[in-house]
Amino acid sequence: MTRTRLTAAERGEQLTGAAVQAFAVSGYAGTSTDDVARLAGVSQPYVIRLFGSKQRLFIAAVEHAATRIEQVFRDAAERSADLETLGEAYDELLAERDLLALLLHGFAASSDPVIGSAVRTCFGRIYRLVRELTGVDATEARDFLATGMLLTVLTSMQVLGPGAVPPEPWMAEIADSFEDPCAEPEPGGQPG
């Protein structure tokens, strides 16, 4: 049986995907390059050879997440370049829990100057892209991103989405405040 060798670029993508998964669970401080290597099925020295450090691997994972969001927004804007369509597209991303959990860990690790700079750059790219694609003003873009952040946090806490916990009154109240039918509680009281 012959095994197909991956190119360095393909292996880098594989490692970035494993990094997203690993860092999403344990965050920057709680994840080692060995954890990522095991998940990807490679040696830890290979991870360091490709990325140089845990910090650069984490930043690559955060950049991957931001690029995924940007691509989803671009694809949505091809259908209709408005906030509603971008918001509907973001609903798809809410199912990608690892991606969103990684972003939350990225925000939390932003006190590290190098990570903070990279995370702010990624967030700025998303903000500018929303404005560019839709033509909205700064306030509308801010409100859109703020709602997205709230949805991200609620989904990460399992208040919304698949696997949501039984809602407490405050959870149902917030879920009911969204116009998005995916965020509203289903019959039986569980959010969407």
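## A tour of an all-by-surface start

The protein exposes about 10400 Å² (Shrake-Rupley method, 1.4 Å probe), and carbon and sulfur atoms supply 54% of that area. You are looking at a predicted model, in which local features need pLDDT of at least 70, side-chain atom pairs count only at pLDDT 80 or more, and totals for chains, interfaces and linings use all residues. Residues are numbered from 1 along each chain as its sequence is written, and side-chain values use heavy atoms, with hydrogens and water left out.

**Whole chain.** Show the cartoon: the protein has 9 helices and 0 strands. Helices here are DSSP runs of H or I with at least four residues, strands are E runs of at least two, and both are numbered from the N terminus. Along the principal axes, the C-alpha atoms fill a box of roughly 50 × 40 × 40 Å.

**Inside.** Now colour by accessibility. Of the 192 residues, 41% are buried, meaning under 20% relative accessible area with a 1.4 Å probe, protein chains only; exposed is over 50%, and partly exposed lies in between. Next, look at contacts (heavy atoms within 4.5 Å): among those between residues at least 6 apart in sequence, 60% join residues at least 24 apart.

**Charges.** Select Lys and Arg as positive and Asp and Glu as negative, leaving out His and the chain ends. The protein has 16 positive and 27 negative charges, and their mean positions are 15 Å apart, using NZ of Lys, CZ of Arg, CG of Asp or CD of Glu.

**One residue.** Finally, select S117, which sits in helix α7 (residues 113-134). S117 is partly exposed, with a relative accessible area of 37%.
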